[in-house]
Amino acid sequence: MIELRSIKPDFSRWPVGSVRRRIVVNEVFKAACIAIASLSVIILLVLLGSILVEGAPALSWKFITSSPSPDPENCGIGPVIMGSIWVCLGCAAIAVPLGVGTAIFMEEFPPRSTIARRFHEFVQLNITNLAGVPSIVYGILGLTAFANMFGLFGKPDEPAFELGARHFRQYVTEGTEVVLIPIASPTDVPILVDGMTVETFDGKPIKLIVVVPGNELPQDASMLKKTMWSDAEGGLITKKPWYYLRLPFGRSILAASLTLMLVVLPVIIISTQEALRSVPKTLREGSLGLGSTPWQMVWNVTLPAAIPGIMTGTILSVSRAIGEAAPVLMLAGIVYITKSPRHLADDFAVLPIQIYYWAGQPIAQGDGINFQNLAAAGIIVLLAILLTFNALAIIIRQRTQRPLS
Amino acid sequence: MAQATTLEPELSSNPPRLLAELPFRSLRWIRVKESFVKFLLLGCTLFSVMITLAIIVLLAVEAARFFRMPGTSVSGFLFGTRWNPLLGETKHFGVWPLISGTLWITAIAMSVAMPLGLITAIFLSEYSPRKLRAVLKPTLEILAGIPTVVFGFFALTFITPMLRSIPGFQVDIYNALSAGIAVGILSIPTICSLAEDALQAVPRSLREAAFSLGGTRFDVSVKVVIPAALSGIVSAFLLGATRAIGETMIVTLAAGNRARISWDPRVEMQTMTGYIAQVAKGDVSNFGVEYYSIYAVAAALFLLTLAMTFFGHMIRKRFREAYE
Amino acid sequence: MSQIELVNLSRQQPVVPAVDALPLKMMITIRDFNAWYGDFQALHNLTLNIPEKQVTAFIGPSGCGKSTLLRWINRMNDVVPTAHAAGTLELPDLDILGRTTDVVALRRRIGIVFQKPNPFPKSIYDNVAFGPRLHFRQMARRDLDDLVEWSLRKAAVWDEVKDRLRQSALSLSGGQQQRLCIARTIAVGPDVLLMDEPCSALDPASTARVEDLIFELREQYTIVIVTHNMHQAARVSDRTAFFYEGRIVEDGPTNFVFTRPKQKQTEDYVTGRFG
């Protein structure tokens with residue numbers, strides 16, 4: 001038998017450590033934590049404060065509506081805001097269906113065979129890795145795949161394929177009226193025939209009087225307006241409707257939307273997966289138990305239940321696209337834009353790029369508004385837009401926070 | 001059917017119209033629709049795989065084209081210590097100056113973000129202060145949502161002048177220190193939320209055991225929870241650092257455009273992302289050797305971040321499994 | 001000692017005719033049925049006949065496989081990627097496990113009610129109409145209204161919900177939700193109702209109502225109920241199968257299994273010695 005008494009240690013041999021010291025250490029640590037944690041609040045306040053102070057003098061209604069200009073005093077961001085809106089809408093229109101579709105496939109159609117399981121694991125790994133790829137790499141991909149299309153369709157300024165473009169030769173009549181003759185391809189030169197119908201610049205049809213050199217021009221002024229020499233030379237003009245498209249996309253809104261789609265797609269997939277995962281399993285079983293197919297279950301039960309979560313995640317991802325600058329910089333460079341975009345293939349600028357451009361300008365000494373003020377004012381507008389988006393997401397989250405089971 | 005008589009307790013054992021009489025939906029049609037939808041969703045899923053493939057193929061092909069150009073070589077790229085494609089008589093393509101710039105920025109960023117993010121996470125997770133949490137959480141969310149170009153502007157117009165105003169402290173107008181600090185601020189929310197996840201994943205029972213042995217909150221969080229969550233914290237660090245490496249706008253604005261190896265973070269430096277952005281801004285002809293050099297740099301950047309993301313998530317997954 | 005004598009007595013002098021002698025039409029035939037989750041074999045060589053328009057109870061301790069068998073009867077286990085099964089599991093005219101068997105059509109005939117009430121976050125009406133809308137074409141609005149009302153009456157919950165059919169089903173109490181789930185299940189016109197511990201999440205009063213309901217429903221449906229509660233099995237079921245460690249130890253008319261079990265394990269379980 002073991003003598004139990006001999007094993008029991010004599011606790012009184014060791015002095016008890018100071019409890020108070022440990023409590024003090026705890027309190028000091030807690031105070032340090034509070035101080036350090038508060039630091040991020042202070043940083044945020046300083047950041048917002050410094051931007052408000054810099055930007056306030058430049059911020060006005062005129063700033064929001066007018067166009068960029070080399071003169072800081074008369075500079076605005078109207079077309080740039082429009083550019084951001086176009087790009088963001090385009091990006092959301094492509095990324096949301098793709099991302100939600102992927103997430104549904106990953107969450108609602110579990111693999112049944114070993115090969116399918118491997119595929120699922122591979123795709124999941126792939127998505128997490130895509131989320132970690134620097135956005136500038138997506139910019140390079142977008143530049144090559146969307147803007148230049150690997151050079152498959154020629155150079156962006158001489159597109160191999162155009163949709164909706166109407167080419168015209170533009171002539172000036174002897175009565176200094178501008179007339180347009182429709183042509184099939186940009187290189188065509190129309191033969192001028194007497195009595196042919198052409199368009200004025202506003203699209204009204206008129207009958208042309210063509211005079212062969214050596215003959216006399218009509219004297220009447222109204223006739224002269226419709227009269228041209230048969231050897232007159234015209235310039236190329238192209239009218240682009242709102243649905244105009246070309247291949248390759250070039251430095252266009254469409255290319256930028258697609259590139260930003262690449263950036264936000266992994267984020268949308270991951271947030272949608274989380275939203276779908278939060279739908280209770282019992283609801284899915286209830287639906288399947290009634291004899292619904294997996295897709296009927298997703299459409300009637302899972303998706304409606306997950307919609308608030310999906311929307312919140314999507315809004316936050318898309319707001320990330322609005323603030324993203326690096327891929328757009330890769331794609332479009334810095335462009336000087338004075339008009340809002342009119343079609344998907346149009347040139348554009350977005351807010352973060354404009355801010356970047358202004359922030360990189362040399363700081364002018366003097367009293368007036370300088371480019372730094374403009375950059376700060378642009379940031380205020382950008383943050384206001386993002387804040388609206390975030391508030392929207394929070395409202396959706398609050399409104400729909402009811403239990404599902 | 002019977003409207004007034006429905007109140008009778010007697011209930012017909014048959015449904016109002018025999019269910020069997022109703023035409024069923026065609027099962028074949030349902031199946032066809034089902035396959036179609038599944039096919040469509042599979043297409044969406046394959047798209048994300050295609051993106052990865054496209055990145056890899058594109059970078060490999062174009063980087064290979066770069067390495068075939070005169071004056072370039074793989075060994076010169078990987079081991080060279082001079083990078084001056086845009087300046088000077090002879091162009092050198094040694095990537096180390098860009099990597100050194102990237103490492104400096106990342107190191108500075110992490111030495112800002114790691115303590116701040118981690119301690120904030122410990123505080124939020126272990127001390128769970130109600131009032132401060134109500135302020136801290138939205139603060140971090142707002143910080144996470146601020147576009148990076150804003151941090152670049154902040155670095156240029158606030159942090160750099162502040163550093164320069166310190167007496168006896170010589171700082172270039174463009175410098176790695178200020179850009180690094182801004183990247184650090186940017187990384188705080190990422191690191192904080194990942195670290196908080198890691199701390200939350202430590203089972204309650206461990207904490208309760210430590211408390212029951214008479215530990216203070218400090219003892220419990222520093223001596224029990226943090227060691228238990230260590231691999232999760234390492235993964236937070238890796239994923240945060242990946243974000244810092246890939247950051248572009250701050251460094252192009254605040255760190256400058258001179259690629260060089262330096263031991264002094266107060267001077268102008270260029271990172272890999274900074275170089276790519278500089279070329280993209282459009283000062284360079286589209287088909288020269290300088291243009292193709294961005295693909296080689298991007299390939300290096302992609303491999304580096306891919307490896308870090310991969311290991312970060314591996315560690316995170318292992319760590320989560322350990323406590324499930 | 002007296003217990004053993006009782007067992008012996010029952011073997012020698014059966015008071016009630018033997019199972020096979022009963023003039024019952026069989027609804028579900030289970031023969032040499034095995035089921036696995038991955039490498040783990042959850043069910044071993046089960047053989048059991050489930051008669052039509054009777055309540056059959058599956059009893060046994062946790063993890064004995066009774067829910068697994070239930071979920072195989074309408075192939076709910078298809079959802080579990082690692083689950084697979086072998087053996088015979090048949091309706092009179094349909095091989096449940098058959099490769100060509102359409103689970104959608106199968107689940108229309110074999111409905112299931114789960115442990116926890118799981119109404120969809122929709123209105124009460126839409127919950128009941130969910131199944132019919134999935135399965136039936138050309139259903140007139142009036143017909144659907146009638147069917148919803150009939151199902152809710154049949155599930156003994158109509159009087160409580162008739163004035164608020166458009167309200168969310170989540171506003172109902174737990175017992176009402178469970179009866180709503182039963183109404184939802186019978187609204188597609190099944191022959192068989194599977195119930196996986198339908199009362200385990202309910203309070204005693206709601207449990208009593210659901211039990212009454214089960215008793216009424218057996219006139220029209222073949223009901224299989226999994227329960228932990230021996231008293232419940234004794235109250236509502238006509239026949240009982242006792243599961244232990246993935247095997248059926250004993251099955252037969254409920255009063256036999258409870259009062260004169262043939263096996264020692266059954267006796268120990270029903271008398272509360274283990275489980």
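1. The largest nonpolar core holds 273 residues, and those with the most contacts inside it are A:V264, B:A155, B:A182, B:I250 and B:A298. A nonpolar core here is a set of buried Ala, Val, Leu, Ile, Met, Phe, Trp, Tyr and Cys residues joined through C-beta atoms within 7 Å. Buried means that 20 or more other C-beta atoms lie within 10 Å of the residue's own, with C-beta atoms placed from the backbone. Apart from this core lies another, of eight residues, including A:Y171 and A:M228.

2. On provenance: this is a predicted model, in which local features need pLDDT of at least 70, side-chain atom pairs count only at pLDDT 80 or more, and totals for chains, interfaces and linings use all residues. Residues are numbered from 1 along each chain as its sequence is written, and chains are lettered from A and ligands numbered from 1 in the order in which they are written.

3. Leaving out residues up to four places away in sequence, A:V264 touches A:C91, A:A95, A:S317, A:V318, A:R320 and A:A321. Contact means C-beta atoms, placed from the backbone, within 7 Å.

4. Chain B has twelve helices and zero strands (DSSP runs, H or I of at least four residues for helices and E of at least two for strands, numbered from the N terminus). Of its 324 residues, 47% count as buried.

5. The C-alpha atoms of chain B fill a box of roughly 100 × 60 × 35 Å along the principal axes.

6. At the interface, 68 residues of chain B are in contact with 65 residues of chain A. Helix α1 (residues 27-68) of chain B gives the most to that side of chain B, with 17 residues.

Key. A residue is buried if 20 or more other C-beta atoms lie within 10 Å of its own, exposed if 12 or fewer, and partly exposed in between; C-beta atoms are placed from the backbone. Two residues are in contact if their C-beta atoms, placed from the backbone, lie within 7 Å.
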